[in-house]
Amino acid sequence: SAGVIGFSMKQFAETELFKSFKPMIEKQMTANNDLKALCDMDPYTEIGSIIVAIPKDGNEKGFTALIDGKADEAKATKCITAMAEKSGQKVEVKKTGNIVTFMPAGAGSDESSNASWLPSGGILITMGDAARMQELLDGKNTLKENKILMDLMAKVDTSATIWGVGDMSA
């Protein structure tokens, strides 16, 4: 990974800045309104934090996110399918072991996204082929193997509302 960014939705939702802009944000954010209407989900209360790992080459297939949230697998799967249908897309859902793959109808596996509900309560998300997800679940090719980012993360307050580290080396 080239970088890691963390954002605490829970902490941000408690700030005066958020409270003052929340009505305007909700008016403009169709996806947020869809989450509430189609999925009976409120991202401000159901998502604790999000950590995103960004690949060095910028390829979205290396994108990985860890969401600390309350959404269970059945509810989230139904929600993703409903939101895709509302936007005119059909999504094929396939479960293999503890990996749920969401693929636009007629697309290849490289255009899919994958989710796995972890025993800790988090949701791990990857883009592209499900093999990347399986590697992470098996403990292979993880962020822990990137010494530069791990050293930087040790110096950052990862409990802050928003934080990030980046490796700009070649």
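A disulfide, that is, a pair of cysteine sulfur atoms within 2.5 Å, joins Cys-39 to Cys-79 with an S to S distance of 2.1 Å, and the structure holds 1 such link. This is a predicted model, in which local features need pLDDT of at least 70 and side-chain atom pairs count only at pLDDT 80 or more, while totals for chains, interfaces and linings use all residues. Residues are numbered from 1 along each chain as its sequence is written, and side-chain values use heavy atoms, with hydrogens and water left out.

**The disulfide and its surroundings**

- The link of Cys-39 and Cys-79 is right-handed, with 80° about the S-S bond.
- The pair links distant parts of the chain, 40 residues apart, with Cys-39 in helix H3 (residues 30-39) and Cys-79 in helix H5 (residues 73-86); helices (H or I, at least four residues) and strands (E, at least two) are DSSP runs, numbered from the N terminus.
- Both Cys-39 and Cys-79 are buried, where buried means under 20% relative accessible area, exposed over 50%, and partly exposed in between (1.4 Å probe, protein chains only).
- Asp-40 lies in the loop between H3 and helix H4 (43-46), and has a positive phi of about 55° although it is not a glycine.
- Asp-40 counts as exposed because its relative accessibility is 60%.

- At the start of H6, a side-chain oxygen of Asp-129 reaches to within 2.8 Å of the backbone nitrogen of Ala-131.
- Gly-139, which follows H6, has a positive phi, near 80°.
- Asn-146 lies in the loop between helix H6 (130-137) and helix H7 (147-153), and is buried because its relative accessible area is 15%.
- A polar atom of the Asn-146 side chain lies 3.0 Å from the backbone nitrogen of Leu-149.

**A nonpolar surface patch**

- Ile-5, Ile-54 and Ile-162 make a nonpolar surface patch of about 250 Å²; patches are made of residues with over 30% relative accessible area and no salt bridge, like charges being joined within 9 Å and nonpolar side chains (Val, Leu, Ile, Met, Phe, Trp, Tyr) within 5 Å.
- A salt bridge is a side-chain nitrogen of Lys or Arg within 4 Å of a carboxyl oxygen of Asp or Glu, and accessible areas come from the Shrake-Rupley method with a 1.4 Å probe, only the protein chains shown counting as cover for residues.
- Ile-162 is placed in strand S8 (residues 162-166), and counts as exposed because its relative accessibility is 57%.

Terms used. Polar contact = N/O pair within 3.5 Å; in protein donor to acceptor, adjacent residues only side chain to side chain.
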